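Please read the report below alongside the sequence and the coordinates. It takes up two topics in turn.

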Amino acid sequence: MKLQLFQSHLKKNKIDLAILVYPDPTITYFTQLKPSAAYLTITPKTTELYLSKLDVHPRIPKVVVRLLTKDWWRKHRSKKIITIGINKPFLTVAQLEKIQKIWPEAEFVDVSLMLDNLRATKTQEEIKRITKACDITTKAFYSLVKELPRRKLKTEQDVALFLEKEIKKQGAELAFPTIVANGKNAAIPHHLTSTQKLKAGFLLLDFGACYQNYCADMTRMIFLGKPTKKEKHYYDLLLNAQLKSIAHSQPAMAFEELDKMARKNLGKYSKNFTHSLGHGIGVEVHESPVFSDREQVICEDNIFTIEPGIYLPGKFGLRIEDTVLYSGKAVVLTKATKELQIISF
Ligand SMILES: [Mn+2]
């Protein structure tokens, strides 16, 4: 995506060569590929992608594609290289040791922050793809709302498989394994979808499509049966906090501040909100901006989730999540209705 901008950062910081090793998602970011193995080398002037014989070798604008051999590095070794950029969170110790053996005299610097910042601001093409991923996710949700009253889906896993099939039918992949949590299972934010039979109560759906390498993330609640006044009250309280967080987003506001505001709006249930308000999203489901990082503020063309939750261990849990683009104002990309869907059971 922003390859040339990254190259100018390398030049400015006097980094001779950056080496990225697959499965570093930054390789997908720059090349739009998800190969089985790859090295991506970026200098201020040239970019080379080394792919194994097993993968397709497509043409990529501004990237030279080469065969990954045992001594793929030889050409680079012949040049004077003093400083090498690495993406620390995605480089294993074993890979680093290998690279250090090839360039024993080089100094290694972490370029992860540079890459994270680059990726946090989306290009028009990225916005298009994430918007499409969100539309696919929304459609899958509506298909499920239509399907549930037929009573053919018996377990959490049946529901998850239905959603996943609806996503794949639309030409997309899954951004992450679907979370379907019914009743007290929903009190665990990352419940592992089970074969448990569906029962009356809240049904939490946290899922997303991945379209052309770009992810969507959405959580909606369905109620099977008839909710009590109290259950409705929890839902309304949470929805109010979620809507306010979206409405209060403004440029240069710290994500941490937005997080605090959501907790305030949950009142005494803020102690039942046990995770962060959201996260950046793109080629990865979780990427920069990181809400707990004090330095990170809302910028134009950021895409992030807003997902407050209330978890009552042993009873039930609720979460409402949207993928949001900040463009002049917060624009909700996951357009599925947030009116509690009540399905007779
Ligand atoms: Mn999320």
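The sections that follow treat the basis of the model, a metal site and a helix pair.

## Basis

This is a predicted model, in which local features need pLDDT of at least 70 and side-chain atom pairs count only at pLDDT 80 or more, while totals for chains, interfaces and linings use all residues. Residues are numbered from 1 along each chain as its sequence is written, and side-chain values use heavy atoms, with hydrogens and water left out.

## Manganese site

D217 (OD), H279 (NE2), E307 (OE) and E321 (OE) coordinate the manganese ion at 2.1 to 2.3 Å, where donors are N, O and S atoms within 2.8 Å of the metal (3.2 Å for Na, K and Ca), and because water is not among the atoms, sites may look incomplete. Along the chain, these donors follow the spacing D-x61-H-x27-E-x13-E.

H279 lies in strand 13 (residues 279-280) and E307 in the loop between strand 15 (302-306) and strand 16 (309-312), so that the pair, 28 residues apart, links distant parts of the chain. H279 is buried, with a relative accessible area of 9%, and E307 is buried too, at 8%; buried means under 20% relative accessible area, with a 1.4 Å probe and protein chains only. Strands are DSSP runs of E with at least two residues, and helices are runs of H or I with at least four, numbered from the N terminus.

## Helices 8 and 9

The axes of helix 8 (residues 229-248) and helix 9 (residues 255-265) come within 9 Å and cross at roughly 150°, axes being lines fitted to C-alpha atoms over the stretch in contact, with angles from 0 to 180 degrees between N-to-C directions. Helix 8 and helix 9 are therefore roughly antiparallel, a term for angles over 145 degrees.

Conventions:
Angles under 35 degrees count as roughly parallel, over 145 as roughly antiparallel, 65 to 115 as roughly perpendicular and the rest as oblique. Buried means under 20% relative accessible area, exposed over 50%, partly exposed in between (1.4 Å probe, protein chains only).
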